[in-house]
Amino acid sequence: MKNKKSHYNLSVLKNTIFIQIIFIFLIINVFNLYAQEDEIVRMFTSRISHDLIPDFDDSYGIAFRDLNDDLKPDLYVVRFRNLNRLFINKGTHRPFEDRTIESGLGGNLMVQGIKNLELGAASGDLNNDGLPDMAIAGWGESTQLLLQRPGLKFEDITARSGIALPLDGNGAFWADVNLDGNLDLFITDEHHPNRLFMGDGRGLLTDHSLDWGLKDDQVSQSASFADIDADGFPDLYVCNWFAPDNFYRNIAGRTFQKQNLSIPHLTDSLNSDGITFGDIDNDGDLDFLVTDREGNSKLYRNDTPAKSADWKFTDITDSAHIIIPYPAYGSVIADFNNDGLQDIWVSEEQPSKRFTRKNIHL
């Protein structure tokens, strides 16, 4: 009898342990399920960082513009081989809100080498509906054109936009080059000729690179539009590697004409990375700063008379005490301290530098 009771108790104990093991297993799986669901929810809903902007690396191109019409500039970041990020500005001293996934601006995540290399971004209203759209420049199949729809949703219209792929795009730049009220798109290309696409105001682009004199094949990196001679038409500067840069005058909205000027970045191959225009001396015309990989970044003063075809620029880098001895990638000319004077910020391989206008000798 005692042996039977012991055997019965042992069986009950085994069953109890088995039930407990099953219960624990179920609990763990339930928690895992909730954890997975929570991770999915966090991915597809708005996320707010404890910092103003989350810290991340691997970023190359940015677009800084009010995308949701709340009068606060938002930030879109293009990353080399990772998820692009859209951060919505929530106001002073409040963290930016990550709206990447739900916006459709995550970018091309195919793990296929150079096919998913994204390098630049530019925002502009391509179809004149009042909503800023987005162009992403990348290699292979990564160049994209996305129209913004209501609710901060972006639709990929690349296949029907008129942009012929593949492109090895390094940068995208908007301007109305013929002043017809519709934005046009210029893309610099690493391995192919650069492209100028003319917009029709409804979302369709047509390649007019050749007849506008811009189909150059010079490993172009960055570019910028600016009205240099105050004739109302945007001119164009293009940064090149392994060749001198190109500076084009817009001839009355009909074509671009390359300018032959005796300034270092237009006569020598200095591996230029970036170009920024700004009125550094407050005289009403646009000067510019070119950053390069050779440690020869230069600040050029615009001495061109208004509406003159005779362009003149002076290298004032040394006299202005602008010292940028390391490889530099990009720059900004803006009034950072609200004193009414333009300052300079430079991104270089050493810690980035800021030159305040009070310390720039002009």
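**Close-up views of a predicted model**

Figure 1. Strands are DSSP runs of E of at least two residues, numbered from the N terminus, and two strands pair if DSSP finds at least two bridges between them. The model is predicted: local features need pLDDT of at least 70, side-chain atom pairs count only at pLDDT 80 or more, and totals for chains, interfaces and linings use all residues. Residues are numbered from 1 along each chain as its sequence is written, and side-chain values use heavy atoms, with hydrogens and water left out.

**Figure 2. The hairpin of β19 and β20.** Strand β19 (residues 287-292) is antiparallel to β20, and three bridges connect them. L289 is bridged to L299 in β20. Five residues lie between the strands of this hairpin, and G295 adopts a positive phi near 75°. Strand β20 (residues 298-302) is largely enclosed by the rest of the structure, because four of its five residues are buried (under 20% relative accessible area with a 1.4 Å probe, protein chains only).

**Figure 3. The open sheet of β22, β23 and β24.** Three strands make up this open sheet, in the order β22-β23-β24 with antiparallel pairing. Its edge strands, β22 (328-334) and β24 (353-355), each pair on one side only. From one strand to the next the twist averages 15° (axes are lines fitted to C-alpha atoms, and angles run from 0 to 180 degrees between N-to-C directions). Strand β23 (residues 343-348) is held to β24 over three bridges, and V346 has K353 of β24 as its bridge partner.

Figure 4. The largest pocket contains about 1800 Å³ of space. A pocket is an open set of points on a 1 Å grid over the protein atoms alone, where a 1.4 Å probe fits, with protein on both sides within 12 Å along at least five of seven lines; lining residues have an atom within 4 Å of a point. The volume is the space filled by probe spheres set on the points, which are joined across faces, edges and corners. Of the 49 lining residues, Y60, G61, I62, S222 and G330 lie nearest the centre of the pocket. Strands supplying at least two lining residues each include β2 (59-65), β14 (220-226), β22 and β23; β2 gives the most, with seven. The lining comprises 29 nonpolar, 15 polar and five charged residues (Ala, Val, Leu, Ile, Met, Phe, Trp, Tyr, Cys and Pro count as nonpolar, Asp, Glu, Lys and Arg as charged, and the others, Gly among them, as polar).

Methods: Buried means under 20% relative accessible area, exposed over 50%, partly exposed in between (1.4 Å probe, protein chains only).
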